[in-house]
Amino acid sequence: MSAARLEAFLAKIYVDESSRERFLADPRGEATKAGLSEREIEALEKIDRAGLILTARSLQKKRQRMTGKRH
Amino acid sequence: MWRQWLRRLWIVVKFKSAGKISIRDRVGLGWRRELAVGILSHLDRIDVVEVIADDFFDAPRDERRALRTLAAQTPVVLHGVSLGLASAVPVDKKLLEKTARLCEEVSPEYWSEHLAFVRGGSIEIGHLTAPPRTDATIEGAAANLERARAVVGEAPLVENIATLIDPPGSDYDEITWINKIIGSSPSDLLLDLHNLHANATNFGFDAREFLKRLPAERIAAAHLAGGKWVEALGERRLLDDHLHDVPDPVYQLLAELAALVTHPLTVILERDGGYPPIEILLRQLDRAREALAAGRSRQNERMEKEAA
């Protein structure tokens, strides 16, 4: 199911730094490898890069805070 | 649904009564361990307490007993953060069953969750994330909300979330997407006004127009919070971090909301850290009451004009 694949791909680039760097270097190549549709690939080529970086940063801080709470 | 039935009954009673309308809104605070003493010693100034459901899913028996005790002395609502209902992927049934068990134990006045996805493939994102706004996530959310209603016994209120990125691969703007989900599901809306303010600021739309386009009769509750500015690649965005005081525009949106909605609202202040003395938070609850009163007053004036 393509919609689930897109969610999985977004989760990966939001959470994993090396996946995100590979994606930013070659959006089409990485999205194609993930089996996304041409429409989704085109959308990802136009991704809001500042938003992506800020989202990744914010999620990392939130995960660190949650981890801190558990210790 | 019983909630909607009660609301309709209330509206009938309201219009049959003579004179000015007096709406009993409620204003409360999110339960956090760090705020426990402050909350418990000021229950006379807190109408309702919102508890994070996930904090109690696997809590020891004595903590759950303490929660039941709290619910016996003050109105309690439950707020979930990990279901990931706005997804093309079916919601985890085990998490729904945990929610159902907690709801059964605590008997909250309502429970709520977010229009977000929190995992994708095998990856746990660890927080609320805006999914692509597409037919697939609208249909997925509607199906997940129906699953939630079936397992828990009552559909959750659903909350709009803040996002720092316009979700890639979207076919709809946020208001259209939310309205389509609300229109195809049993859930009413928990409208987070700071999330609305942040998204409007970050993506250049008018928060008041957004409010007017929502189905007012489906807005059951509201959240208030604060945030801060963050920056990347030379662009500034407003981050909803729940670590700062409620800014003025959010109180203004609350007054707008109170002028639009004709039934009582439950309003919750969320604070997740950087805790000030409890008096500061109680003052923010008072400001929320003032904003609600201002909005209700405008609604009264409008209705009196219409009746004249």
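Let me begin with helix 4 of chain A, where Glu40(A), Ala43(A) and Leu44(A) are buried, a residue being called buried if 20 or more other C-beta atoms lie within 10 Å of its own, exposed if 12 or fewer, and partly exposed in between, with C-beta atoms placed from the backbone. These three cover an arc of only 95° around the axis, and therefore sit on the same side of helix 4 of chain A, the arc being that of the directions from the helix axis to the C-beta atoms. On the other side of helix 4 of chain A we find Glu38(A), Arg39(A) and Glu45(A), which are exposed. The buried residues of this helix pack against helix 1 and helix 3 (27-33) of chain A, and contact here requires C-beta atoms, placed from the backbone, within 7 Å.

A word on the source: this is a predicted model, in which local features need pLDDT of at least 70 and side-chain atom pairs count only at pLDDT 80 or more, while totals for chains, interfaces and linings use all residues. Residues are numbered from 1 along each chain as its sequence is written, and chains are lettered from A and ligands numbered from 1 in the order in which they are written.

Chain A as a whole has five helices and zero strands, where helices (H or I, at least four residues) and strands (E, at least two) are DSSP runs, numbered from the N terminus. Buried residues make up 34% of the 71 residues in chain A, and of its contacts with a separation of 6 or more, 52% join residues 24 or more positions apart.

How many residues does each chain bring to the contact between them? Chain A and chain B each bring 28 residues. On the side of chain A that touches chain B, helix 1 (2-15), helix 4 (38-45) and helix 5 (49-70) each supply at least two residues, and helix 5 gives the most, with 12 residues.

Turning to chain B, eight strands close into a barrel in the order 1-2-3-4-7-8-9-12, with parallel pairing, and two strands pair if DSSP finds at least two bridges between them. Neighbouring strands of this sheet are turned by 30° against each other on average, direction ignored, with axes taken as lines fitted to C-alpha atoms, for helices over the stretch in contact, and angles running from 0 to 180 degrees between N-to-C directions. Strand 1 (residues 26-30) is joined to strand 2 (residues 49-52) of chain B by two bridges, and Gly30(B) has Glu50(B) as its bridge partner in strand 2. Helix 7 (residues 193-203) of chain B lies across strand 8 (189-192) and strand 9 (219-224), at about 55° to strand 8.

Finally, the core. The largest nonpolar core has 98 residues, and those with the most contacts inside it are Leu224(B), Leu254(B) and Val267(B); such a core is a set of buried Ala, Val, Leu, Ile, Met, Phe, Trp, Tyr and Cys residues joined through C-beta atoms within 7 Å. Helix 1 of chain A gives the most to this core, with eight residues.

How values were computed. Contact = placed C-beta atoms within 7 Å.
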